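Visitor: I would like a close look at a single part of this model. Please keep it brisk.

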Amino acid sequence: MQSRPRWSSLSKTADVCRREYPVPGVLSLRSLAVAVADASAMARVLSDPSLYRFTGGEPPSVDALTRQYTAQVRGCSPDGRAAWINRVVLVDEGPVGYVQATVPMDDDVAEIAWVIGRPWQGLGYAKRAAELLVEELTGRGVHRLVAMIRPDHVASQRIAAHLGMRDSSEMVDGEIRWTGTVG
Ligand SMILES: CC(C)(COP(=O)(O)OP(=O)(O)OC[C@H]1O[C@@H](n2cnc3c(N)ncnc32)[C@H](O)[C@@H]1OP(=O)(O)O)[C@@H](O)C(=O)NCCC(=O)NCCS
């Protein structure tokens, strides 16, 4: 029988969540558990309307992000049935985006997503940050990955493919379900 993730070990402290990941020839990329204090800097990172072309939505205000991060730092959904993993992506200590995962407490599947601010795109940061996230998830007992990606979103498809995920051909609300296994 497959072992279940030990979510009780989910850390709410930043130290355990710090991960260093060198980007060759460039800067140091790492991810850090989101904090409410990140709201102001992240509102700037997420301020370009083009970021929402494939996902819908609009640039969040500082207040909206503060509310969102206040909920996210709890580390789980209000009903306690899913773990929320939210990581700010830092390059040379500056925030450039985020990665996130939602993991049901009673399953070993993670739904993952990634966002990199417009000025920092095309530099391989999303791929590196997604790899880091998957590494962390694997360490926490996740064995299956899911990402919902629009059929015309080539960059996200490339990231998913880089993680070993495949297009399942299953369309849900205009997005394709990409799936993969890890660990
Ligand atoms: C999708 C996103 C995270 C990519 O971030 P990024 O840091 O620019 O991505 P990377 O530099 O790591 O590149 C990842 C892959 O996408 C490719 N890519 C990057 N931008 C691309 C573009 N505009 N068109 C086509 N391919 C692109 C890269 O070449 C790379 O593929 P490869 O290594 O196989 O050549 C970023 O564009 C973004 O945040 N978009 C808005 C939010 C979003 O849509 N998130 C995804 C929700 S599913």
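Visitor: Which residues of the largest nonpolar core touch the most other members? Take helix 4 from there, please.

Guide: This is a predicted model. The largest nonpolar core has 41 residues. Val89, Trp114, Tyr125, Ala129, Ala130, Leu133 and Ala147 touch the most other members. Helix 4 supplies the largest share of this core, 7 residues.

Helix 4 runs over 125-139. Its 15 residues should span 21 Å at 1.5 Å a residue, and the end C-alpha atoms are 21 Å apart, so the two values agree. Its buried residues are Tyr125, Ala126, Arg128, Ala129, Ala130, Leu133, Val134 and Leu137. In an α-helix, residues three or four places apart point the same way, because there are 3.6 residues a turn. Nonpolar side chains tend to be buried together in soluble globular proteins.

Start with Tyr125. Leaving aside residues up to four places away in sequence, Tyr125 touches Leu29, Val89, Val91, Val96, Gly97, Ile116 and Trp120. Val89 is also among the core residues that touch the most other members.

Just after helix 4 comes Gly141, with a positive phi of about 100°.

Next, the ligand. It is surrounded by 20 residues, and the closest are Gln121, Ala126, Lys127, Ala155 and Arg158. Helix 4, strand 5 (109-116) and helix 5 (154-162) each give two or more residues to this shell. Helix 5 gives the most, with 5 residues. By type, the shell holds 13 nonpolar, 5 polar and 2 charged residues. Ala126 belongs to both accounts: Ala126 is buried in helix 4, and Ala126 is one of the residues closest to the ligand.

Technical notes: Residues are numbered from 1 along each chain as its sequence is written. This is a predicted model: local features need pLDDT of at least 70, side-chain atom pairs count only at pLDDT 80 or more; totals for chains, interfaces and linings use all residues. A residue is near a molecule or strand if its C-beta atom, placed from the backbone, lies within 6 Å of it. Helices (H or I, at least four residues) and strands (E, at least two) are DSSP runs, numbered from the N terminus. Ala, Val, Leu, Ile, Met, Phe, Trp, Tyr, Cys and Pro count as nonpolar, Asp, Glu, Lys and Arg as charged, and the others, Gly among them, as polar. A nonpolar core is a set of buried Ala, Val, Leu, Ile, Met, Phe, Trp, Tyr and Cys residues joined through C-beta atoms within 7 Å. A residue is buried if 20 or more other C-beta atoms lie within 10 Å of its own, exposed if 12 or fewer, and partly exposed in between; C-beta atoms are placed from the backbone. Two residues are in contact if their C-beta atoms, placed from the backbone, lie within 7 Å. The expected span of a helix is 1.5 Å times one less than its number of residues.
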